[in-house]
Amino acid sequence: MLDQQTINAQIGDLLATRRPGHSLPGAFYHDPAIFDFDLREIFGQAWLMVGFEVEVAAAGAYLAITIGRSPVVVLRGQDGVLRGFFNSCRHRGAQILPDGCGTAERLMCPYHQWMYDDRGALRGAGRMPRDFDKSQHGLKPIHVRTVAGTVYVCLAEQAPDFTAFHDALAPMLAPHDMLNAKVAAQATLVERGNWKLVMENARECYHCAARHPQLSVSFPTDARGNFLSSERVDILDFKQRMEAMGLPSAPVEGAWWQASRFALREGNESITIDGKPCVKKPMCSVNGGDVGSMRWALEPHSFCHALGDFVFMFIAVPVAPEETIVMAKWLVHKDAQEGIDYTVDDLTNVWNETNLQDRDLVENNQRGVNSLGYTPGPYSESSESLAIRFVDWYANRVASVVPQPAPMRR
Ligand code: 3BY
Ligand code: FES
Ligand code: FE
C-alpha cells in the first residue's frame with residue numbers, strides 16, 4: 001500500500017491535468033484512493049446538512065446517519081442542548097445507535113452493553129478492571145449547528161467558519177417556520193455512481209427539460225440560462241416583489257454555500273405535478289404562500305427548496321467509489337393532517353420522479369466516464385454554471401491539501 005504522501009502527490013499530479021471548465025479526469029470518478037481522499041478531506045472536513053430540528057426536538061431524540069464510513073449521531077440532551085458524536089463505541093468500535101431517528105435517554109452499545117449518557121460520557125462498562133478510567137473513554141464529539149430549524153454537522157476537529165452562512169441564511173429561512181413543521185415523508189435511493197457525478201447532475205438543469213417532465217412543469221428549465229441569475233429582468237422583478245413583502249431573496253454565497261429565492265415558472269406556486277400547492281396549511285403564508293422557492297445549497301452534498309407549502313431536502317452521501325446514497329426529506333406544517341390537508345403521493349411525486357430519473361442519468365454517466373474512451377468535456381457556461389462552481393470548489397479543496405506538482409514532474 002502506498003503511503004498517504006505519495007497518494008496525495010499522485011492526486012496533485014492528476015489535478016494538474018484538469019482543464020478548467022471541463023469535467024474531471026476519469027480517475028476522480030472511480031479511483032478508490034481518490035474516494036478515500038474525498039471521505040477524509042472533503043466529507044471529513046465540510047459542514048454537512050443532515051436534517052431538521054423537528055426530528056430531534058424532544059430530550060432524548062436522536063438522528064443517526066453514516067457519512068462515508070463514519071456513523072455519527074446528533075442527540076438532544078436532557079438539558080435541551082443538541083450535541084453530536086461519532087456513533088462508534090469506545091470499547092471495540094461498534095456502531096451504537098442504528099441509522100435513522102429515534103429516542104434514547106442513554107446510549108447503550110448493542111455489543112457488550114457499554115453505556116453512555118446524553119453528553120457522551122461513559123457511565124457503564126461491565127467486567128472492566130477496578131482502575132479502568134471511564135473518563136478517558138467518552139464518545140468523540142463532532143460539531144453541530146442549526147439554522148432556523150435545519151441541522152448541520154462537521155466531523156473535522158477544526159470546523160470551517162459557520163457564522164457567515166448562519167447569519168445570511170437565518171433571515172431567509174425564518175419565514176418558512178421550520179420549527180413548527182414535521183417530516184411528512186422521506187426517501188432513500190442507492191445510486192451506482194460516484195458522489196461527484198451525483199452532485200454535478202444535481203447542480204445543473206441542462207438536462208431538465210428533456211429528462212424531468214414532471215419537474216419542468218413548475219421549475220424554470222428554459223435555455224435562457226441559470227435559474228438563479230440575477231441579470232434577468234423577470235428574476236430581478238420577482239426578487240424585488242418578494243423583498244417588498246419582507247422575504248429576503250437576493251442571492252448570497254460563501255465558498256461552500258449559496259442561497260437565493262427564485263421564481264417558479266409563470267403561474268406556478270409550488271413544485272408539484274400541477275404547479276399548485278399540495279398542502280392546505282402553508283408553512284409560509286406570505287402572499288398566500290406564493291413565494292417562489294427559497295433555495296439553499298452546500299458544497300459538497302446538498303440542495304434544498306423551501307416553498308410556500310413544503311420544504312424539500314436533497315443530500316448525497318458517498319458509500320463507495322461508484323456508489324452514493326441520496327436521501328430526501330419533505331417537511332410540512334406540523335398541523336397539516338395527512339389525508340385531509342395533503343397526501344404523501346401529491347407531496348412527493350415530483351421530486352421522487354426527478355430523483356429516479358436522475359439516478360438513471362448518473363448511472364449512465366458513470367458507465368461512460370469509466371470508458372477507456374472518456375476525455376473530460378466542456379460544461380455549458382450558461383446552463384451548467386453551478387456544476388462548474390461545484391467542480392471548481394472541489395478542485396480548490398483538493399489543491400489546498402495535496403502538494404503542488406513540481407514543474408520537473410509535469
Ligand atoms: O439545485 C437545484 O436546486 C436543482 C433542482 C433540480 C436540478 N437542480 C439544478
Ligand atoms: Fe461497544 Fe463492546 S464494542 S461494548
Ligand atoms: Fe436532474
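This is a predicted model: local features need pLDDT of at least 70, side-chain atom pairs count only at pLDDT 80 or more; totals for chains, interfaces and linings use all residues.

S293, R295 and A297 point one way from strand β14, while M294, W296 and L298 point the other way, and all are buried. A residue is buried if 20 or more other C-beta atoms lie within 10 Å of its own, exposed if 12 or fewer, and partly exposed in between, with C-beta atoms placed from the backbone. Residues are numbered from 1 along each chain as its sequence is written, and chains are lettered from A and ligands numbered from 1 in the order in which they are written.

Helices (H or I, at least four residues) and strands (E, at least two) are DSSP runs numbered from the N terminus. Two strands pair if DSSP finds at least two bridges between them.

| Pair | Bridges | A bridge partner pair |
|---|---|---|
| β13 (residues 257-262) and β14 | 6 bridges | S260 and R295 |
| β14 and β15 (residues 302-306) | 5 bridges | M294 and A306 |
| β4 (residues 82-86) and β9 (residues 141-147) | 2 bridges | G84 and I142 |

A hairpin joins β14 to β15 through 3 residues.

Strands β4 and β9 belong to an open sheet of 7 strands with antiparallel pairing, in the order β1-β10-β9-β4-β3-β2-β5. At its edges stand β1 (48-52) and β5 (100-103), each with a single partner strand, so one side of each has no neighbour in the sheet. From one strand to the next, the twist averages 30°. Helix α3 (residues 163-173) packs on this sheet, touching β9 and β10 (150-154), and its direction makes about 45° with that of β9. Angles run from 0 to 180 degrees between N-to-C directions, and axes are lines fitted to C-alpha atoms, for helices over the stretch in contact.

Helix α1 (residues 4-16) packs with helix α8 (residues 385-401) at an angle of about 140°, with their axes 10 Å apart. The two helices α1 and α8 are therefore oblique to each other; angles under 35 degrees count as roughly parallel, over 145 as roughly antiparallel, 65 to 115 as roughly perpendicular and the rest as oblique. N8, I11 and L15 of α1 and A395, V398, A399 and V401 of α8 make the contact, which requires C-beta atoms, placed from the backbone, within 7 Å.

Note on methods. Two residues are in contact if their C-beta atoms, placed from the backbone, lie within 7 Å.
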